[in-house]
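Subject: Structure handover

Hello,

Here is the structure you asked for. My notes follow below it.

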Amino acid sequence: MSHWNPAPFAQQLLDLFASLLLLIAFAMLSQRRILTLIHLFAWQGLILTLSIVDSAWLTHQPHLYYSAGLTLLTKVLILPLLLHRLIRRLDVVWDVETLINIPTTMLVGIGLVIFSFNLALPISHFSSTILRNTLGIALASVLLSFMMMITRRKAVPQVIGFLALENGLFLAATSATYGMPMVVELGVALDVLVGMFIFGIFFFQIRETFDSLDIRHMEKLKEE
Amino acid sequence: MTLLPLDLVGLILTGWGGLGLLGLVLPARLGRSLLFPLITGLSVLMAGAGLWALQGGAQTLVLPIGLPGMPFHLRLDVLSAFFLTLLGLAGSGISAYATGYFRRMAETQAGDFQRLTLLYAFFLASMGMVLVADDAYFFMVAWEGMALSSYFLVTTDHEIPAIREAGFLYLLMAHLGAIALLLCFGLLQSGAGGDYAFATLRHHSLSSFWSSVTFFLALIGFGAKAGLLPLHSWLPEAHPAAPSPVSALMSGIMLKMALYGLLRVLFDLLGQPLWWWGALLVGLGSLTALYGVLFAAVQSDIKRLLAWSSVENMGLILSGLGLTLLFHGAGQETVAALALAAVLYHALNHAFFKGLLFLGAGSVLHATAERNMAKLGGLIRVMPWAAGLSLVGILSLAGLPPFNGFVSEWLLLQAYLLRPDLPQPWLNMVLPLGAAVLALVGALAGFAMVKFYGIIFLGQARGLVPGEVHDIGFWERFGMGWMALGCVLLGLFPSSVILQLDTVTHALVGQGLGASAARHGWLWVTPVAASRASYSPLILFAVILVSVGLTFLGVRRFFHGRWRRAPAWDCGYPFQTARMQDSADGFGQPIKQIFESFFGLSREIPSPFDPHPHYHSEVRDPLWALCYLPLVRGVARLVKVVGGLQQGRISTYLLFSFTTLLALLALVTGTRP
Amino acid sequence: MTPVNWLLQGGQEILGILLAPLLMGWVGIWRAWLQNRRAPSLMQPYRQLFKLFHKEVVLAETASPLLRVTPYLLFGCMGLTASLIPMVITDLPLAGAVDVIALVGLLSLARVFLALAAMDVGTAFGSLGARREMLVSFLAEPALLMVFFTIASLNASTSLRFMVTGFAARGFYLYPSLAFAGVAFLMVLLAENGRIPVDNPETHLELTMIHEAMILEYSGRHLALIEWASALKLLIYFSLGFALFLPFGLTDSQQGWGILGALILFLLKLTVMGAGLAVLETVSAKQRLFRVPEYLGTAFLLAVLAILLHYLLGS
């Protein structure tokens with residue numbers, strides 16, 4: 001280590017953040033407690049923010065700084081707070097059993113990681129961006145969040161899964177194309193917020209109708 | 001004329017056969033005390049001949065027997081020599097043990113014993129013949145001889161229906177395998193013209209499609225013998241059914257014949273392998289290993305536990321073989337040699353420790369007439385010899401240093417870790433999972449072995465009267481001691497073993513570990529380079545001894561050595577009985593709990609108010625229901641259709657023959673140019 | 001491979017053996033502080049060991065020689081393992097004889113003997129403890145191996161010495177796979193040392209006990225050796241963690257100052273991480289026994305992910 005060169009360090013940091021994002025996706029997959037899920041979601045948002053800041057610095061794209069700020073605002077502060085209040089109001093802080101046992105879920109998760117890396121391999125060969133390593137990870141965390149939505153039977157963890165999925169998409173966007181245009185990002189952020197409100201209202205409606213947030217009750221809604 | 005190794009091997013094989021025939025005519029008592037030691041002696045000689053032939057070179061011999069125009073070809077190369085050594089080394093320990101083990105049988109069931117002597121000797125001889133066969137015809141004769149003699153040995157206690165069933169299943173699977181092998185050799189020869197000698201097959205190459213079909217047929221044929229998933233189901237039934245020394249022969253040696261066959265076909269006869277054969281073998285082998293060890297951990301029958309563990313070990317061996325193929329196909333011969341050395345080493349190790357454990361199980365069975373672990377316990381106090389020697393076996397099987405099981409698992413893990421990148425990117429990503437499975441299997445084997453030893457030999461006796469139980473006699477001690485010594489020596493001197501394996505790896509993949517092993521001296525195992533990985537069991541063993549010894553001396557030096565006996569404390573609970581210990585079912589319960597959805601588990605749990613509670617749980621092989629039962633149903637349906645043809649009238653049958661004749665005549669004339 | 005190296009290796013073994021009870025005491029003090037209790041003296045573990053050594057050994061009537069051999073074997077193996085890990089210097093003469101796989105094997109040799117000896121007397125608690133210990137180990141051991149494999153693939157060596165110096169040679173680098181491996185290692189550390197999410201080291205007579213259930217039938221010097229060995233095991237895991245994840249300060253030299261500096265750094269790391277362990281234990285709750293396989297399965301799969309990530313990212 002003769003002299004300090006920050007560029008490769010920032011590059012490594014980017015890989016590290018991406019991996020941490022994946023780690024949190026796995027942690028969410030193996031978590032039963034809704035409250036911890038929300039905390040993990042907030043952490044994931046924070047790491048996403050840091051990773052966007054890092055790539056903004058690395059690629060000298062100033063608009064990425066704005067989207068980092070936006071992410072920080074929505075994913076780390078507003079959404080977790082909203083979710084927090086929601087579960088307090090709904091009184092569902094406790095453990096939720098998963099549909100498939102957790103080691104099996106994680107095993108499938110590992111399969112998904114391998115799958116998404118194989119999928120990303122040809123694309124990242126094309127991509128000339130320096131962020132291409134993270135594309136596979138981003139794809140993997142999207143799939144993992146999807147899987148989390150599949151394996152939960154309560155509504156709130158499913159929504160958290162949905163929001164985490166959006167995190168993965170965001171990472172994919174920054175790593176593949178240096179982020180989306182600002183307008184799109186603002187729109188997405190607004191959509192997510194509005195979606196959150198709508199979900200919140202729905203939860204109350206669901207609970208009033210069925211006295212529970214268990215989505216198995218929704219199965220009755222099909223036509224006979 | 002000088003004596004060559006092949007002549008010696010031929011003489012020994014003839015000697016075995018002759019001793020077997022002699023056993024049929026000699027009185028049983030004399031037969032036992034004379035013939036079995038002679039068989040043992042010949043086995044030792046066989047090991048010597050094998051080691052001699054392992055030094056290099058191949059010899060061939062053509063015997064003027066067999067079919068007209070198809071004489072028996074014999075050939076002894078280094079690959080055969082290695083397996084002959086294995087046969088001799090393990091066979092001598094097992095045969096010595098058998099001398100003592102069959103004493104009661106020779107005295108009470110003289111006729112049965114005479115038959116057994118014949119079959120036992122023929123079994124050994126036919127395995128030897130498989131190894132020296134150099135044409136497909138002789139190979140199949142020897143292979144079928146091995147299957148048949150072992151079938152009759154399995155059904156020694158044919159009065160018991162369960163054993164007859166196990167024997168039937170074994171025979172069925174053996175024949176399915178044999179058919180696949182016949183087709184495999186047929187494909188290998190197709191279009192080559194001439195005879196079925198391996199020399200002809202070796203120089204005949206196939207298109208990649210047909211060589212893949214041949215690979216599959218070989219995999220089915222030899223896999224059925226090796227217990228590869230899903231062809232394993234006969235193994236945990238048949239191996240325990242046989243008398244214990246025969247179980248030891250089957251698990252320790254006969255399974256390795258399947259490995260030999262695969263090596264012979266894949267590396268010698270078939271030519272350049274395709275990469276996905278290796279990938280398939282790695283996957284199937286790893287699955288087999290995991291499957292076997294999980295079932296081993298939940299068994300409560302002593303010998304069935306060991307048989308499932310054989311499935312596990314064959315899985316490990318075959319996954320290593322897959323790795324070898326993969327690396328060999330990619331042209332990375334050094335790592336291929338490493339994986340191959342691990343495979344051969346593990347085959348040798350497994351022969352020793354599994355043989356030893358089956359012999360130990362035989363001693364328990366002989367002394368207590370009880371195969372159910374739930375009724376055993378505390379045998380270390382009445383059978384110290386059997387217990388002490390079995391301890392070596394379980395430590396080896398659990399893969400603990402400095403015993404032999406550890407060395408080969410270490411080599412195999414190194415092959416996983418030290419590999420260079422393969423051309424297929426997804427394989428690079430998937431292969432670490434193989435290493436993970438290997439690590440998991442090793443740890444689970446530890447679980448199964450603690451269960452095996454702890455329930456049978458430790459604790460308090462569950463129901464047996466200790467006074468009636470006797471320890472093993474001289475010959476049993478000798479046989480088990482031989483195997484245990486093998487486990488220890490193979491564990492302590494790995495580099496010497498690897499040097500011996502060098503010629504084999506050179507012959508098969510063109511590389512060896514010998515140079516690197518020789519560079520660092522006999523004390524060290526360094527597969528690639530000292531900075532990559534090295535291991536020295538002898539030093540490890542020495543420092544363990546020093547460390548433990550110093551601890552002992554230190555404690556003795558500074559503190560008093562007073563001790564006294566008192567009833568066991570057990571947290572102060574005074575009313576303890578032997579029934580409060582874990583039973584075999586109880587010990588395996590966590591595994592059942594964790595993998596509940598995987599096992600076909602049926603349980604009856606008593607209600608808490610039941611005055612005579614009865615707990616019953618049964619673990620079934622899910623593959624049995626998945627693969628075999630549909631097959632059975634399909635065959636039954638087919639039989640029904642064929643049964644429809646059976647009218648019972650003689651003229652109908654004549655009509656069938658007539659139409660067949662007409663059709664054949666039409667076919668023959670129609671295809672004539 | 002000079003006599004000095006051998007001396008240093010022996011010195012490290014003695015250092016480990018002497019330090020281990022101190023670490024136990026330190027963690028105990030922190031736990032007491034965090035739980036608003038009055039802390040015992042730092043020397044308390046030594047006093048306990050001293051007292052136990054002077055007590056008479058009471059053997060169960062049904063005990064076989066296995067029970068009497070095991071404490072010595074356990075202590076010997078643990079002491080040996082402690083000497084194999086680069087705590088202060090990396091150039092240990094025995095490092096070539098025992099690589100990480102053999103190290104794991106050595107630990108599991110000790111464990112198998114402990115479990116077998118627990119079944120030897122034939123009490124309900126003994127076999128229960130042995131069964132649970134093997135349950136924990138059959139998932140924890142492969143997880144530990146996979147953690148090692150990750151680092152072994154990073155440095156292309158399974159020898160602990162080259163695994164540590166490999167990092168030093170390449171300078172500062174952030175390895176994403178190490179994040180996963182580190183988490184898995186921490187989980188294994190807690191499980192293997194009978195720490196709180198899995199087992200509680202402070203209670204007897206609880207139906208959930210694992211380690212304590214196995215050693216119920218020991219007394220006097222045998223118990224002392226076993227207690228000491230489990231303290232050593234904690235130290236072993238700590239120094240493994242330092243060597244693999246916080247390797248700064250380790251020296252390759254045989255100069256006095258380098259060694260002294262490394263030693264001070266090592267003690268500093270122990271001080272901080274010992275307190276960290278106590279904090280971690282205080283904030284988490286003990287799990288039900290049937291959650292333990294899930295916990296350990298997670299650790300194993302994280303470790304597998306670590307090695308996968310290494311191959312996926314190429315770093």
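Three salt bridges cross the interface of chain B and chain C. A salt bridge here is a side-chain nitrogen of Lys or Arg within 4 Å of a carboxyl oxygen of Asp or Glu. Please keep in mind that this is a predicted model: local features need pLDDT of at least 70, side-chain atom pairs count only at pLDDT 80 or more, and totals for chains, interfaces and linings use all residues. Residues are numbered from 1 along each chain as its sequence is written, chains are lettered from A and ligands numbered from 1 in the order in which they are written, and side-chain values use heavy atoms, with hydrogens and water left out.

**Chain B with chain C**

One of the bridges pairs Arg131(C) with Asp582(B), with the closest N and O atoms 2.5 Å apart. Arg131(C) sits in helix α5 (residues 124-155) of chain C, and Asp582(B) in the loop between β3 (563-566) and α22 (584-594) of chain B, so the pair joins two chains. Helices (H or I, at least four residues) and strands (E, at least two) are DSSP runs, numbered from the N terminus. Arg131(C) and Asp582(B) are both buried. Buried means under 20% relative accessible area, exposed over 50%, and partly exposed in between, with a 1.4 Å probe and protein chains only.

Asp120(C) also bridges to Arg381(B), with the closest N and O atoms at 3.9 Å.

The contact involves 75 residues of chain B and 76 residues of chain C. Contact means heavy atoms within 4.5 Å. The two chains bury about 6,800 Å² between them, 71% of it on carbon and sulfur atoms. On the chain B side, Leu417(B), Phe559(B) and Arg565(B) lose the most area to chain C, together 9% of what that side buries. Buried area is the accessible area (1.4 Å probe) that two parts lose on being put together, summed over both.

**Chain A**

Chain A and chain B bury about 410 Å², and carbon and sulfur atoms give 80% of that. Ile114(A), Asn118(A) and Leu121(A) lose the most area on the chain A side, together 75% of what that side buries. Five residues from each of chain A and chain B make the contact. The salt bridge count between them is zero.

Chain A itself has seven helices and zero strands. Of its 224 residues, 51% are buried. Among its contacts with a separation of 6 or more, 77% come from residues 24 or more positions apart.

**Salt bridges within chain B**

Over all chains, the structure holds 18 salt bridges. Arg75(B), Asp77(B), Asp134(B), Arg202(B), Arg264(B) and Asp268(B) are linked in a network of them.

Arg202(B) pairs with Asp134(B), the closest N and O atoms being 3.8 Å apart. Arg202(B) is in helix α8 (residues 198-202) and Asp134(B) in the loop between α5 (110-132) and α6 of chain B, so the pair ties together parts that are 68 residues apart in sequence. Arg202(B) is partly exposed at 22% relative accessibility, whereas Asp134(B) is buried at 6%.

Arg264(B) pairs with Asp268(B), with the closest N and O atoms at 2.6 Å. They are four residues apart in helix α11 of chain B, separated by about one helical turn.

Helix α11 (residues 244-269) has 26 residues and should span 38 Å at 1.5 Å a residue; its end C-alpha atoms are 35 Å apart, which agrees. The expected span is 1.5 Å times one less than the number of residues. α11(B) bends by about 35° at Met250(B). The bend is the angle between axes fitted to the seven residues ending there and the seven starting there. In α11(B), 26 of the 26 residues are buried, so the helix is largely enclosed by the rest of the structure. Gly271(B) follows α11(B), with a positive phi near 85°.

Gly459(B) follows α17(B), with a positive phi near 80°.

Best wishes
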